[in-house]
Amino acid sequence: MNAELARRPDVGPPQDEDALIIEAGRGSGLYWRDLWRYRELFYVLAWRDLAVRYKQTVLGLAWAILRPLLTVAVFTLIFQRIANLPSEAGAPYALMVLAGVLPWQFFSAALAEASASLVSNSALITKVYFPRLIVPLAAIVVVLVDLLVSLALIVALMAWYRFMPGWQLLTLPFFIAMAFLASLGPALWLSSLNVTYRDFRHAIPFMLQLGLYISPVAFSSSLVPEGWRILYSLNPMVGVIDGFRWAILGGSSAIHWHGFLISWALIAVFLWLGVSRFRRTERHFADII
Amino acid sequence: MTDIAISIQGLSKRYAVEREAKSALDVTYREAIVGGARSLVRSTGDFLRGRAARRCETRQDFWALRDVTFDVMRGEVLGIIGRNGAGKSTLLKVISRITEPTEGRLCISGRVGSLLEVGTGFHPELSGRENIYLNGAVLGMTRREILGKFDEIVEFAEVAKFLDTPVKRYSSGMYVRLAFAVAAHLEPDILVVDEVLAVGDAQFQKKCLGKMRDVASRGRTVLFVSHNLGVMERLTQRALVLESGTCAFIGSPAAAVARYAEFGVGENIVEFDVEKMPRKYPGNGAARILRLRFDRPIPVFESDEGFRCIASIRAEEEIPGLRFSMAVLDVQGAAVGSCFGPGTIAMKAGEELDVQLAVPNMRLAPGKYSCGLSIGKGNYRSGHVDFDVVLDTLHFEVRPEEGDSGTVSFWTRGWGSIIFPDIEQTVLGTRP
């Protein structure tokens, strides 16, 4: 066969710029360009997940409000009224909890949805090509929409407690982006692992439950003793939640800068780990899913 | 721009087929513990390094494609034929970039649209209208393309009245029509189609074929897999015959069809060595089907004759009551019916048995069929466990019986695959 090819020097790979060359073990090399080209599919998948998310529910999108609201109510009752945990200086406890619950619920839902997304879209993955990164990304975007909807709660609670926000509230989009990046890395890592090892379906809810206790959702970071600070800050959600608090409570809560920088460093490490692992394994998804 | 749309060189694809190495009873308890611990350590190691999970089994390689080389010209309609398991679907999957080749190189110029299944990505909760957008995007159409063809798609699918109904409320016919309508309006430079034309009723199939011919005549490059040799000859300009993963022939469709028929394509195979065949549904491995055969020189039955075959099986552990079950499938792969045997075969570990299986009168209509065979315990009444399942094997044909006047009797496919017993009629009286 090689001899035959040699005899036909005019037969070569197509040369125009759109030509796609696939070689064993190499992938296409145009991955990121492909990702951009398939953005329409990304929108459509995100839209599909959004449209389907609250189908056949009575309350619909109100769930996005109800979940954090009920959590805040329960936490306030238990941790403030019964356990007597203090709030940040001057801010109502419920508002402080809300500022922790919103990013935390975003993080945990993003991890849960994204890690299940590849398996639940296996029909797509085994039948059509597209950069697989689209699937978990679309899943996270859906959760992000929930977060944006639930931001209305902040306004409502502030009005209820007659709490005047500071200029810091304008920085909230920055911290939302930070929450997005913080969940993206672990989510990609877990979603690619979940394709091979369905163990993660059982492990993730458990890990998230533990995570709730080591993240400052019900308590304020200022309660953490100085000696534990660095260890405590190894949880990237600490930086995110502290940021949310700082933005929402108007600076009456202080950001711990060392911890904050550690959070960013960890977010970057997780992002790199997640993306590189995902890229390495996604070529085999269709074979093992 | 060159004239080659797809150039494929030395393409191979390997799958690892995993099976249990040793049966549980062959090893002592201690060995089992040590082996178990070792495999736990190993799989934990794999896990941490992010490799695929290995259990305590040997890996067996299965080459779905082996050194396939060919070119497809721009504007050419190339047919691909081959038996089940010859590698057709794998080839299409590699070309559509769903899976990566193990070896070789593939060069594609132009946008590929692949149609390996009708209705990929359809969501039951969404309406017909929403699914058109969803499915279109999944197949690679842009929003503008879909908008431009929306009315055409709806008209083709004949579902205008139900556009805003969730597709889970559609009849299966409507569902398939809508799905195909979207797919049929896909206009990539290169269209890759797996056997998806065999959907819907006869009238709709005709419409689909017309559409395909349309696409083909408009100078698009099409790769086309079908079992329907007639369609293949009419639609394609060149055809490729795949035989166990290698390219056995490429040339004019008529010659390819002849080659396919001449190779026997299993038509006259009466022995099936299934031991090493990859399994789609792995059983628990307590016993294994080794070989299957018909006790006749050609696999042809008369339609009023009973079905008979011989199965060789090996038990890996002691089995008090082994039960056979069998499903018969028609050419399209749809199950015609299934039957269970009594679960009374007792076997010792390591024992091999030949068992004759006979079903007195299946009343199958003339045509070609294949079987799926499984061994296990329990049955459909009491719940069952499968030891081993072999699909797409024991291909046979049922010949039409001779008609009353020496002519061959006539049975239309549309009547189904089973000839029920003749109607018993009793005239109960006349009505004035």
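Start with a sheet in chain B: six strands form an open sheet in the order β5-β6-β7-β3-β8-β9, with mixed pairing. Two strands pair if DSSP finds at least two bridges between them. Helices (H or I, at least four residues) and strands (E, at least two) are DSSP runs, numbered from the N terminus. This is a predicted model, where local features need pLDDT of at least 70, side-chain atom pairs count only at pLDDT 80 or more, and totals for chains, interfaces and linings use all residues. Residues are numbered from 1 along each chain as its sequence is written, while chains are lettered from A and ligands numbered from 1 in the order in which they are written.

Now turn to the helices of chain B. Two packed helices are described by the angle between their axes and the distance between the axes. The axes of α3 (128-138) and α5 (residues 172-184) of chain B come within 10 Å and cross at roughly 40 degrees. Axes are lines fitted to C-alpha atoms, for helices over the stretch in contact, and angles run from 0 to 180 degrees between N-to-C directions.

Next comes the meeting of the two chains. Chain B brings 42 residues to the contact, and chain A brings 33 residues. Residues are in contact if their C-beta atoms, placed from the backbone, lie within 7 Å. On the side of chain B that touches chain A, β4(B) gives the most, with six residues. Strand β1 (residues 20-23) of chain A is joined to β4(B) by four bridges, and these strands run antiparallel. Within this pair, Leu20(A) stands opposite Ile108(B).

Finish in chain A. Trp272(A) lies in helix α13 (residues 257-281). Is Trp272(A) buried or exposed? Trp272(A) counts as exposed, because it has 11 C-beta neighbours inside 10 Å. A residue is buried if 20 or more other C-beta atoms lie within 10 Å of its own, exposed if 12 or fewer, and partly exposed in between, with C-beta atoms placed from the backbone. Trp272(A) and Leu188(A) are 84 residues apart in sequence, and 10.0 Å apart in space, C-alpha to C-alpha.

Definitions and conventions:
Two residues are in contact if their C-beta atoms, placed from the backbone, lie within 7 Å.
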